[in-house]
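Please look at the model below with its charged side chains in mind.

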Amino acid sequence: MSATIIDKAGKEVLPQAYPVALALLTGSYSTYPQKGAYLSFVKSVPDNNYKVVKYDDKSWQTVLTGTHYATGLATTSGIVIPAAYTRGVLASPGEAQIFINAAAFQIYPKENLVVTEMDYMKGILYGGAYTSLDLKGNTVVAPGNQFEGKGLNYDPDSKLLFKEGTLYNTAGKVLGSAGDMADGLYAHNGVIFTFGYGTYIQADGGYTPHHHLCAEQQGSKAQPDTKNGLVYEG
């Protein structure tokens, strides 16, 4: 199965019809969406004896041959982001099989934004991460280091990106950071939260108290919102 874009006169806009990755035939179209005039597509790319090592064990090595699928973005004017984005090198449980999957594209035309996966650390097993692009393929916010739990996230309700304790708007402008907003911050369902940790308490088996606060949309400071019950201790 393949897909393409045609104009109102029925003329094909893209140079060819692009295939749907085999993994998508199961009914999941998360890597093959269309939003308005924008269509993400997949293309077969040769591996060309791609050497892979582990992030924490360089003695573990393997070589990929054959082909994999990469994802790009097309519109009525043609291809705007070439098919170059993948989830990086992945493995089956027990690492019996090594493979590269096409990336998922989340397209937000009104925000001029694409959130997608990428091969963040070339040649590294599990070296994929999320990044954000504009609709021309320019990087808006670079990916975080997923090995340290600092991957990029996007909250479409608040239209905010965040990674590594830093908050960005959809143009990549920094709105706030953990440096001036407690220990960290994130956005969820249109609400921005900061969080902080207290001093370790040995009683009751030992625990570290923490708090979450609702923050202003601009991300300049944290403001408790007791009316809506968004402040709690745990």
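Glutamate 111 counts as buried, at 17% relative accessibility. Its side chain meets that of lysine 159 in a salt bridge, 3.9 Å from N to O. The two residues are 48 apart in the chain: lysine 159 sits in the loop between strand S15 (153-155) and strand S16 (160-163), glutamate 111 in the loop between strand S10 (105-108) and S11. Lysine 159 is partly exposed, with a relative accessible area of 39%.

The model is predicted. It holds 3 salt bridges. They are listed here.

| Salt bridge | N to O distance |
|---|---|
| glutamate 95 and lysine 54 | 3.1 Å |
| arginine 87 and glutamate 117 | 3.2 Å |
| lysine 159 and glutamate 111 | 3.9 Å |

Next, the pair of arginine 87 and glutamate 117. This pair links distant parts of the chain, 30 residues apart: arginine 87 lies in strand S8, glutamate 117 in strand S11 (residues 113-119). Glutamate 117 has a relative accessible area of 9%, so it is buried. Arginine 87 is partly exposed at 34%.

The remaining bridge joins the side chains of glutamate 95 and lysine 54. Glutamate 95 is in the loop between strand S8 (78-91) and strand S9 (98-102), while lysine 54 belongs to strand S5 (residues 50-54), 41 residues away. Is lysine 54 buried or exposed? Lysine 54 is buried, because its relative accessible area of 19% falls under the 20% cut-off. Glutamate 95, at 24%, is partly exposed.

Key:
Residues are numbered from 1 along each chain as its sequence is written. This is a predicted model: local features need pLDDT of at least 70, side-chain atom pairs count only at pLDDT 80 or more; totals for chains, interfaces and linings use all residues. Side-chain values use heavy atoms; hydrogens and water are left out. A salt bridge is a side-chain nitrogen of Lys or Arg within 4 Å of a carboxyl oxygen of Asp or Glu. Helices (H or I, at least four residues) and strands (E, at least two) are DSSP runs, numbered from the N terminus. Buried means under 20% relative accessible area, exposed over 50%, partly exposed in between (1.4 Å probe, protein chains only).
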